Amino acid sequence: MDFEVWPGPMEGVGKGGFIAAVNQLQLVHRWMTPFVRLSQNLPGTGKLKSFYSGFAASNVPVCVQLMGIDPVLLAEAGTVFMKLGAESINLNFGCPSSRVVSGGAGGGALKNPAALEKFCAEVKAGLPDGTSLSVKLRCGWETPEEMENILPPIVNSGAVDKIFFHHRTVKELYIPLPHEERIRRFRRSVELSNGIPVIINGDISSVEDAVNAVKASGSAGVMIARPWLRDPWLLRRFTDHATPEAEAGRQIFFDTAIANHVSHGGLLELARMLWGSDHPRFKALLNSECG
């Protein structure tokens, strides 16, 4: 493929045995970690190293995602991760969790787009020279038209090397949108990014869909999150056609997660994401937990 393919950060399941299973099966060519949320104090280096080590074991490039409202604190954490071997740092401006946005972090940052330019510049200034910095964001807080005021400050900061763009607003959460509207938003994000590479994200569930979306939008690549779990070998299909079918892949991945000691709660969430809450495998796990 002549465009980038990224796994989405797997918040909630992207840890421990899940990471080990992905690495063991070589399902990704690069990682973006779930966000490290920073509030008041910098966690100890040992804690940050423990978080990073599972991803690093893959021997593929790792982008560490950070989230918070203090650019100095984020830069300090980013510096630690870069020294641990991270390839790049990403800032999360997209998480729609009510608990997160109420404090102005994640998608909450999009309510004040004018502040994004200074924020990105301050984080970049605090990172080691040469550090690649990206942002992951949604198209707006409430309406997609807000991207007209969100992307220019980020571009003008001169601090951002790549933009990961999710086509929904924070308020839209995960509701499905018409295909034409999704492509329109992707295309406009590329136009507003003024030459900065844009990786598009949201409802891309196959190689064909990715190829068409990149072609229609002019983006530099795609990020795939939930559809990747429904077809664990999906990211490999872009370069390797000798991969298991989706159902066989789900079973192989789930069994590998068990072998890597994913907790019962983690397996329950993984089964829900792999098969859905109506599938017998999920219901059997749920019943065993209740029993």
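How many nonpolar, polar and charged residues are there in the lining of the largest cavity?

Author: The lining of the largest cavity has four nonpolar, one polar and one charged residues. In this count Ala, Val, Leu, Ile, Met, Phe, Trp, Tyr, Cys and Pro are nonpolar, Asp, Glu, Lys and Arg are charged, and the others, Gly among them, are polar. The model is a predicted one, in which local features need pLDDT of at least 70 and side-chain atom pairs count only at pLDDT 80 or more, while totals for chains, interfaces and linings use all residues. Residues are numbered from 1 along each chain as its sequence is written, and side-chain values use heavy atoms, with hydrogens and water left out.

The residues that line the largest cavity are Val5, Pro7, Val28, His29, Arg30 and Leu235. Its volume is about 30 Å³, and a search of the whole structure finds one cavity of 30 Å³ or more. The search uses a 1 Å grid over the protein atoms alone: a cavity is a set of points where a 1.4 Å probe fits but cannot get out, a pocket is an open set with protein on both sides within 12 Å along at least five of seven lines, and lining residues have an atom within 4 Å of a point. Points are joined across faces, edges and corners, and a volume is the space filled by probe spheres set on the points.

The largest pocket has a volume of about 930 Å³. It is lined by 38 residues, and the closest to its centre are Pro9, Glu11, Tyr174, Ala225 and Arg226. Two or more lining residues come from each of helix H4 (98-101), strand E6 (132-138), strand E9 (221-224), helix H9 (226-230) and H11; helices (H or I, at least four residues) and strands (E, at least two) are DSSP runs, numbered from the N terminus. H9 gives the most, four residues. By class, this lining has 17 nonpolar, 10 polar and 11 charged residues.

For the second largest pocket, the volume is about 160 Å³. Among its lining residues are Phe35, Arg37, Asn41, Lys47 and Phe51. Strand E3 (36-37) and helix H2 (45-56) are the elements that give two or more residues to this lining, and H2 gives the most, with three. The classes here are six nonpolar, two polar and two charged.

Buried residues of H11 include Leu267, Leu270 and Trp275, where buried means under 20% relative accessible area, exposed over 50%, and partly exposed in between (1.4 Å probe, protein chains only). After H11 comes Gly276, with a positive phi near 100°.

Leu270 is also one of the residues that Phe18 touches, along with Met10, Val13, Trp31, Trp228, Leu229, Phe253 and Val262, not counting residues up to four places away in sequence; contact means heavy atoms within 4.5 Å.
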